[in-house]
Amino acid sequence: MLNPIKFIVWNIRGASNKESLRHIRRTCRSNNIHFLILLEPLANVSHLGSVQLFLGFDFARSFVHNKIWIFWCSDARYSFVEGSDQLVHIHLSFPSCSSIIISAVYAKCNRIGRRRLWEALEQFSTSITLPWIAVGDYNVISSAEERIGGSAPNIRDLEEFNSALNRSGLFPVQFDGSAYIWTNGRMWQRLDRAVVNSVWLSDIEMTRVAHLQRGRSDHCPLLVRRGSTTARRSSFRFLNVWRGHSNFQQTVRSAWAQPVSGVGMQKFFNKLQQTALFALAADRTVCSGSRPSLDLPKLTQEENDMLLKSPSVEEVYTVICSFDPQSSAGPDGFGGGFYQSCWECIRDDFMDAVKDFFAGTTMPHGFSSTTITLLPKKEGACEWKDFRPISLSNVSSKIISKILSTRINQLLPKLILEFQIGFIPGRGIQDNVLLAQELILDLDKKLRHPNVILKLDMEKAYDRVDWGFLLYMLREFGFKEGVVDLIFRLISNVWFSVLVNGELTSFFKSTRGVRQGDPLSSTLFLFVSEFLGKGLQQLFTRNPGFRFLTKGGLVPFLAFADDVIIFTRASSECLQAVSSFLREYQTLSGQKINLSKSRFLCSSKLPSDVINLIQQVTGFHGQSWPVKYLGVPLSLGRSKNVLFDGVIASVRAKLRHWSSRFLSAGGKLILLRHVLNSMPLHLLQTDSLVFLGKIMLSSRRRGLGFRSLLDLEKAFAMKLWWRIRQKSSPWVRFMHRKYIGEQHPFLAAAAVGSATWKRVCSVRAITEDNIRWRLGEGFIDLWHDRWLFDEPLSRQFAGVPPDFLVAEFYTSTGWNTERLLQVLPRSVVNIISQTLVDPTLKDELVWAPSADGTFTVSSAWDLVRQRRNLSLVWRGIWCPLLPLKMSYLVWRVLADFLPLDDKLRSRGISMVSKCDCCGNAVESLNHIFLHGSRNDARFGNIPPVYSKVIFDINGWLVATGVARMLNRFQLEGDTDTYFARYFRIKPAKSLCPKAISWMKPPRGSIKLNTDASVSNGLSKGGGVIRDFEGKMLGAFYKEFGEYEVVHAEGLALLTGLQ
């Protein structure tokens, strides 16, 4: 029979204080407590009865000279014995006739006084045969790691305490929460704990101690939870995790060697039963429910100190400025805009609050309160699962969370596996999409056990995070207890209120999960999911037959936070191992895989029996192609335009939004440019949008001025090639192993490969022409990389050059001239010998078109874009001095895009036409703008020069004829007309300085650059002389006197030549 029990032990001074009583009652009610122990209440015993009634307990007693108060309900039978002046034994008898012993401990503050407690515990342990737990304030730590701050602990205190526990046969109970129970603001220690005897360990299952929030005390309350006093009887099930234990085979052999009765089938069945008994008996040592060990990177002491450091004013203000001032506020109603605009006023008090939290103080409920609002995941949402809960936290709490998350994010790249790219600085979403595209191509490989992809859907991933597991993972990563305490105080003391119809409901406390919307939540979830990623990597490393077979190397999984896809094989053994590990991950972390939404992806040629095997073992359903991954459509086979129907539909929905109906023609044009130029850009980095590019190109030819997506696609392809040369991501290393190998990337075959590989190869020539290398270690190709001249050495010498690295030609003392002369002529060797090299630095890739050497998509686009000479007419129409709606109207006139009657007739619409202005002619473009009677009045009072322009245009329109009317290409190059002169408008001068790169002269030449200026009537000039390598040969400066600028420019050039 089950006898579950929970109780709280709390050292809280001033227990009769009203505020303390409210806090105690709230804690007891939220945890459904029927048994409470208060230590050091510091209240008169006469208040005990009123405190009992206020807290809602049936009984209460005081012990140990009013140092221990005990409250309980009548659901069990209690008896009490004072073991010493620091100890009370409570005997609990349940209706099921089972019993346990709970000892409440309140130890003295000095070593001499605590010795009487150690003696009482040891004496009691010799006479007890029941399950026994001793819990309370021992006023001493068991190891130096249980203290931060203050003086060094007394070693004799530690030794006496540990020796007493050992003599009493007491063992520590695992805990959840902060490792430090008590603090005075300068020192943190674990003074409170629970210990149990061996009978408790064997009879009572799953005992845990949770360290709750301190509240109004300097001690954390201890929440003790345990299971039943009777072991559950369940059917035997063999666990695959046992197979990995070193003693597994020996245990089976020992069980199988035991003699059993029967023969044949009966004997075999009895041996199986005997093996099951041995396995259950050895379960505590074979797997024991413990978390498996992971080989994780560890934080250093310096990194932990950085996380614990009290924030500066500059750091806090930087975080505040990063918030959107228009973002939604939390329950307190103050958004980010308030903190930004009123910073000078609130700075001192808010900094005190932040430093108070980093010093160990618990957040008040007003700080950590949070509003939950539900956002529909789809249109017509009607079930709970169709909504996404979003937490609207107070900005004051989010500022502290973001300070800590910003610090931790600096460490994520070295802590988290490279296949996880969610919310990690320096990692891009396009890497996983590109890698997934490459791996999908290997699904059609003919293998005995085909490749298969498992796409996981985590159900409410953030809300299901188990706090104990999160803290375990943080400690595994090397986070010190001070940092763990900071994080735990942020995530555990959270009070929620659900926003219903615009009104807040009552608050309730969270018991698991991390808040979606909190800056720290995404970072913490990565540590939870790293258990899954690291476990999969170890599983596939130990079992090569489970790996997804591809030429690019091992890729166990790809993840963006909780969006995970696993690459494995469709064998029974492999799928069972993966499924077993996924079940283990769910059990430990609190996560849950939604089987109804999880899918597996495989080749369309896979036999039905293999598909059935995958479904039966994993419980997933198959999914047909195409599939959307991270917002990008992926398909197996040739890409089709239909894959991007969603992109076109999204663009169309943006343009047809109700708000666009109230825009002017110019406003609609701006909206169109913005939507078309921004929405598909993330796809250009991962796929080829040729059909969209053609649309944008045709629009540009018609004069609207949109950037061609074909040009942008090439620019993004150049960015991919730049990254291939950098070797800085899993996708890049995969591509090197699959397509490049040991050869130079420029020499790799481009005809065979994926669409992505062919696309980047199509731009590698122009990209390589603009790549330079800054020498360091010298691990670059001597012949094919541009490290010496603007052209590689391979283009300057005939024949097939041998493979050499630059590092092979210099030593610690400098260049190896003798070896260089064996492969290069002396003239080149002389230039090389003058090149300075620092082998302690890394080789650096330099992008020549940019001023600082870093690659930019804009500079790449400028290299590949299709330039066209626009006529002066078009430049005048789209002049920035004109309102955009007027430019748009003129463009429609010249492009014949006005819906006039004659135009509608040409489209097959039957209608009667009459000009609304004069009523005497058919409504047409020529009549309205040129021949109509209103034109005389419209143009009658304009200056003659403008009349000449109008008549020139009119004559030209008549001369061109109706068939070729209003074609803008007819005006290109007409620079000798008044029309052209009229539109020759000088753009406004820019006051922003621009960096202009210096162009090298041909080899063997020198270059002179001069300039002059006039200031206050005095002219001055100067110049610089450089050789073809950019080395300065000379420079001059001279004052010329009173001259005009042009004269001064000539004098500067003359001086330089002389």
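Predicted model: local features only at pLDDT ≥ 70, side-chain atom pairs only at ≥ 80, totals over all residues.
Just after helix α21, G619 takes a positive phi of about 80°. The chain has 1058 residues, and 46% of them are buried. It holds 40 helices and 35 strands. Among contacts with a separation of 6 or more, 64% link residues 24 or more positions apart.

**Helix α21 and its surroundings**

- V610, I614 and T618 are the buried residues of α21. Looking down the helix axis, they fall within an arc of 45°, so these buried residues line one face of α21.
- What sits over the buried residues of α21? The cover includes helix α20 plus the strands β19 (451–456) and β25 (599–601).

**How α20 packs on α21**

- As background, two packed helices are described by the angle between their axes and the distance between the axes.
- For α20 (residues 572–589) and α21 (residues 608–618), the axes come within 9 Å and cross at roughly 25°. Angles under 35 degrees count as roughly parallel, so α20 is roughly parallel to α21.
- The crossing of α20 and α21 is right-handed.
- From α20, the residues in the contact are S572, L575, Q576 and S579, and they meet L613, I614, V617 and T618 of α21. By type, the contact of α20 with α21 divides into four nonpolar residues, four polar ones and no charged ones.
- Two names turn up on both lists: I614 and T618 are among the buried residues of α21, and they also take part in the contact with α20.

**How α26 packs on α27**

- Here the axes of α26 (residues 709–726) and α27 (residues 730–740) come within 9 Å and cross at roughly 85°. Those two helices are therefore roughly perpendicular to each other.
- On the α26 side the contact is made by L720, R723 and I724, and on the α27 side by W731, V732, H736 and I740. Sorted by type, the contact of α26 with α27 has five nonpolar residues, one polar and one charged.

- H23 belongs to helix α1 (residues 18–31). With a relative accessible area of 12%, H23 counts as buried.
- Leaving out residues up to four places away in sequence, H23 touches W10, R214, G215 and R216. Take G215 from that set: H23 and G215 are 192 residues apart in sequence, yet 7.3 Å apart in space, C-alpha to C-alpha.
- S397 lies in helix α14 (residues 395–409). Its relative accessible area is 0%, so S397 is buried.
- S397 touches M363, F367 and R515, again not counting residues up to four places away in sequence.
- E303 sits in helix α9 (residues 301–308). Buried or exposed? E303 is buried, at a relative accessible area of 16%.
- With residues up to four places away in sequence set aside, E303 touches K298, L411 and K414.

- For context, most residues other than glycine have a negative phi, and most peptide bonds are trans.
- Which residues does a cis peptide bond join? W625 and P626, with omega at about 0°. P626 is found in the loop between β26 (621–622) and β27 (627–629).
- L42 isn't a glycine, but it has a positive phi of about 50°. The loop between β2 (35–39) and α2 (48–55) is where L42 is found, and L42 is exposed, with a relative accessible area of 55%.
- K460 is another residue other than glycine with a positive phi, this time near 45°. K460 has its place in the loop between β19 and α17 (467–476). With a relative accessible area of 28%, K460 is partly exposed.

Terms used
Residues numbered from 1 in each chain as written. Heavy atoms only, no water. Axes fitted to C-alpha atoms, helices over the stretch in contact; angles between N-to-C directions. Helix = DSSP H or I, 4+ residues; strand = E, 2+ residues; numbered from the N terminus. Parallel < 35°, antiparallel > 145°, perpendicular 65-115°, else oblique. Left-handed = near helix turned anticlockwise from the far one by under 90°. Contact = heavy atoms within 4.5 Å. Nonpolar A, V, L, I, M, F, W, Y, C, P; charged D, E, K, R; others polar. Buried < 20%, exposed > 50% of the residue type's maximum accessible area, 1.4 Å probe, protein only. Arc of directions from axis to C-beta.
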